Amino acid sequence: MLRGALGLWSGEPLADATGAFVEAARARLVERRLTAVEDLADLELELGRAEVVAAEIAPLVDAHPMRERLRVRQMTALYRTGRQVEALQSYRVYRNLLAEYEGLDPGREIAELERMILRADPVPAAAMPTAGEHAPAAPALLPPDIPDFTGRDGPAGELHHLLTAGRPSSALAVAGVAGMGGVGKTTLAVHVAHLASSAYPDGQLYANLRGAEAVALDPSDVLARFLRALGVDARAIPNDPVERAELYRTRLAGRRVLVVLDNAASEEQVRPLLPGAASCAVLLTSRARLTGVEGARWIDLDVFARAEAIKLLGRVAGDARVAAEPDEAAAIVRLCGGLPLAVRVAGARLTARPTWRLAHLSRMLRDERRRLDRLATGDLEVRASLALSYEG
C-alpha cells in the first residue's frame, strides 16, 4: 500500500500555486510523503531488502540532507549490504552539515548507530527509528484533577458536550471559559479535560500561557514544548515560528488530541497553537472573552452562589465543622465574596488550625483592611490573583 501510494507522487505538489496557505499545505504534503518513505524503508529492511532501500532512499537523502530519520535508514541499508565505509561517510556528511548550519551535534540515536557500525555490531532491521518518532507515546500533560471539585455542574456539562457529543464533524471544536481571577476557570477546565480525555486517546496537551502576568508566554516557545511532547527531537524543531506551527499541525493531523490553553492573553497568542485537524479540540481559559478566536463557544464563569460556596468550604475544612456553625460558615463565604479561590483559602486556613472555630476566622475576615492579608496560605493568595487584573 505504501509503495502504491508513493508511486502516485509526481513532481512538486501545488507547483503552479502561490501564497502563504499554499506554502503551508505544500510543506504538510512533503512531510507526509517523507514519513511514508521512511515507513516503507523500515518494512523493506524487515523483509531483508536492504539493497532496494539503499538505492531508493539515496536521492531523497540528497534532497533533504538534514532529515535525520532518512539518514538513519540510509546508513542502516548501506551497512546491511556490506557498505560500511559508505554508511560512515553518510554519517560524517550529516554531522558536518549539522555543525555548519545549526551548530548542533547529531542526535543520540544516530550517534549510537555510528558506534554500532564502527564496532561491526548487528544493526536492527527496522533501522532504529529516532526516539518517539515512529510510535510516539500519547502526551498526557494535564495537571491532576482536584479531588474536592465542587459545583459547576451546568458549565461542566456544557463544556463536556461541546468537546465530545456537541462537536462539529468538519471543523475544530473550540470551547472557552472566561471570568475574573480566582473564579475557578483553571479548576473547571482541568476537571472537564479529564472527563473528556477518553474521547481523545491520542493525548492531551496543556500549557499555562500566563496571560494575566506581566510577560505572557511566547506561543513559539509553547509550540516547541508541544512538539517535544509529540515525539519530535529537540534538534528537529524549526527555529522559524511559522514552520513550528506547520510541523505542529502536521503532527496532529488525523489524531484525536485535546489541547488545553489556560490563562490566555490574546487571540494572537492563541491562534498559532490551534490544531488544523477537526479530529482535535481546544479548551481555552481567559480573564476576558477572546471573541476573535474563530468558532469559539464561550462560557462566562461567575462567583459561587452561597450554597455552592458553603459546600466547597465544607469539602476543604470538613463538613462536620461547617455543619456545627452554619451561620458563621455563611458569614465566611459572604466575606469571601463567593470567590472560589478565597473560599478555598479560608477552608485551608481552617484545616491548618483544627482548634479554630469558624467564628474566629469570620471575625478576622471582618477587618476589611487586613482581609486580603488573611486570605493567604502556602502558595495560594487572593491578593496576588486580584492584583494581576487590577494592575492590568
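Axes are lines fitted to C-alpha atoms, for helices over the stretch in contact, and angles run from 0 to 180 degrees between N-to-C directions. Helices (H or I, at least four residues) and strands (E, at least two) are DSSP runs, numbered from the N terminus. The model is predicted, so that local features need pLDDT of at least 70 and side-chain atom pairs count only at pLDDT 80 or more, whereas totals for chains, interfaces and linings use all residues. Residues are numbered from 1 along each chain as its sequence is written, and side-chain values use heavy atoms, with hydrogens and water left out.

The axes of α9 and helix α10 (residues 241-252) come within 10 Å and cross at roughly 35 degrees. This crossing of α9 and α10 is left-handed (the near helix is turned anticlockwise from the far one by less than a right angle; clockwise would be right-handed). Contact (heavy atoms within 4.5 Å) involves Ser220, Asp221, Leu223, Ala224, Phe226 and Leu227 of α9, and Pro241, Arg244, Ala245, Leu247, Tyr248 and Arg251 of α10. The α9-α10 contact comprises eight nonpolar, one polar and three charged residues, where Ala, Val, Leu, Ile, Met, Phe, Trp, Tyr, Cys and Pro count as nonpolar, Asp, Glu, Lys and Arg as charged, and the others, Gly among them, as polar.

An open sheet is formed by five strands in the order β2-β3-β4-β1-β5, with parallel pairing (two strands pair if DSSP finds at least two bridges between them). Strands β2 and β5 (296-300) are at the edges, each pairing on one side only. On average, neighbouring strands of this sheet are turned by 15 degrees against each other, direction ignored. Five parallel bridges link strand β1 (residues 173-178) to β5; valine 177 has isoleucine 299 of β5 as its bridge partner. Helix α9 (residues 219-229) packs on the sheet and touches β2 and β3 (258-262), its direction making about 155 degrees with that of β2.

The crossing of α12 and α15 is right-handed. Their contact has ten nonpolar, two polar and one charged residues.

The second largest pocket holds about 990 Å³ of space. On a 1 Å grid over the protein atoms alone, a cavity is a set of points where a 1.4 Å probe fits but cannot get out, and a pocket is an open set with protein on both sides within 12 Å along at least five of seven lines; lining residues have an atom within 4 Å of a point. Grid points are joined across faces, edges and corners, and a volume is the space filled by probe spheres set on the points. Of the 33 lining residues, Gly182, Thr186, Thr187, Leu341 and Leu380 lie nearest the centre of the second largest pocket. The largest share of this lining, five residues, comes from α8.
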